[in-house]
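Me: I am new to this structure and would like to learn how to read it. Could you take me through a helix and then the ligand site?

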Amino acid sequence: MINEKYNNKTVFSCEVFPPKRNDDIYEIYKTLDSLKLLKPDFISVTYGAGGSNSKKTATIAAYIQNICEVEALAHMTAVGMTEDMLKSLLFELKKKGIQNVLALRGDRPKTMTEEEFNNRTYRYASDLIPEIRKQGEMFIAGACYPEVHPESKNQEEDIKYLKSKVDMGMDSLMTQMFFSNDVFYDFMEKIRKAGINVPVHAGIMPITAANQLGTSVKLSGSSVPNELSSIIAKYGENPDDMKKAGIEYAINQINDLKKNGVDGIHIYTMNKADITMAIYEGTFA
Ligand code: FAD
């Protein structure tokens with residue numbers, strides 16, 4: 001389980017997502033075959049909004065755990081989940097030998113009405129914890145937001161709920177992507193002061209194409225420091241130079257975080273093994 005990985009070093013992990021088309025499942029296996037060469041402490045697999053593709057998440061997590069022999073962390077979301085669905089998903093994961101989950105609330109999928117969303121069975125990520133704990137030994141991670149969850153009134157309220165989520169039984173936290181380490185350090189100071197003491201994995205999204213930044217920022221609400229916008233202004237028109245500059249930015253971000261004692265680095269790979277391998281070369285190799 002992932003809790004065995006915390007032993008005085010920066011934990012290194014990657015995130016992949018299931019391909020949309022069934023035919024592309026072999027592409028993700030190829031990506032995973034490359035990522036496993038980096039000997040990551042774990043690899044996580046995302047869960048489609050509202051549970052779409054949930055079978056693929058379990059299948060890919062099983063490939064990571066049993067074929068790549070790397071700890072797999074399966075994401076799951078509360079939105080759209082009934083008690084029976086949660087029980088059967090947990091049964092499926094257990095059957096496949098997966099003991100690590102990232103418990104999330106999820107966002108309202110386009111196919112769900114506001115009424116359905118408001119009447120959901122599990123309101124928050126923390127509501128999933130009791131059922132997961134019934135499975136016996138499980139490592140449960142949760143999400144956190146250095147720049148505040150978009151639905152929170154303010155950071156104080158966000159941290160208050162984060163503290164109760166951890167107290168309910170989250171073993172570790174993984175951050176939303178951020179591009180300024182100062183934002184992360186400020187967040188860490190505040191959560192530690194609030195008594196949140198579990199390991200926190202910093203989520204790093206390499207920006208290697210100019211058009212990727214807009215989408216990432218729109219989805220995450222993360223702020224963009226001048227240094228990163230200058231890189232895009234300078235190299236955005238040239239794909240090769242932009243890729244190199246984006247990799248270098250991520251390397252610098254990670255090395256600074258490591259120097260400052262971060263518990264873990266979690267790379268949003270976007271299913272691109274070559275970029276993750278180049279970043280690894282400049283940080284953990
Ligand atoms: P929660 O922790 O439940 O918090 C949601 C909001 O409710 C916050 O504003 C919080 O402050 C507030 N809140 C929490 N508890 C309470 C309470 N008891 N009372 C009142 N308010 C409360 N989405 C996917 O669909 N699939 C994925 O695979 C996926 N992976 C992700 C991985 C990471 C690392 C991150 C950071 C996000 C991921 N997401 C994913 C997105 C996530 O589902 C959304 O950000 C979602 O809006 C919030 O999920 P959460 O688990 O953080 O929610």
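Me: Which residues in H2 are buried?

Reply: Before that, note that this is a predicted model, in which local features need pLDDT of at least 70 and side-chain atom pairs count only at pLDDT 80 or more, while totals for chains, interfaces and linings use all residues. Residues are numbered from 1 along each chain as its sequence is written, and side-chain values use heavy atoms, with hydrogens and water left out. Buried means under 20% relative accessible area, exposed over 50%, and partly exposed in between (1.4 Å probe, protein chains only). In H2, the buried residues are Lys 56, Thr 57, Ala 58, Ile 60, Ala 61, Ala 62, Tyr 63, Ile 64 and Gln 65.

Me: What do the buried residues of H2 pack against?

Reply: With contact meaning heavy atoms within 4.5 Å, they pack against several elements, including strand E1 (11–16), helix H1 (25–35) and helix H3 (83–95). Helices (H or I, at least four residues) and strands (E, at least two) are DSSP runs, numbered from the N terminus.

Me: Which residues come nearest to the ligand?

Reply: A residue is near a molecule if one of its heavy atoms lies within 4 Å of it; of the 23 residues around the ligand, Tyr 47, Asp 107, Tyr 145, His 149 and Lys 165 come nearest. The largest share of this shell, three residues, comes from H6.

Me: Where does His 75 stand relative to the ligand?

Reply: A polar contact is a pair of N or O atoms within 3.5 Å, and an N or O atom in the side chain of His 75 is 2.8 Å from an oxygen atom of the ligand. A backbone N or O atom of Arg 105 also lies 2.8 Å from a ligand oxygen atom.

Note on methods:
Polar contact = N/O pair within 3.5 Å; in protein donor to acceptor, adjacent residues only side chain to side chain.
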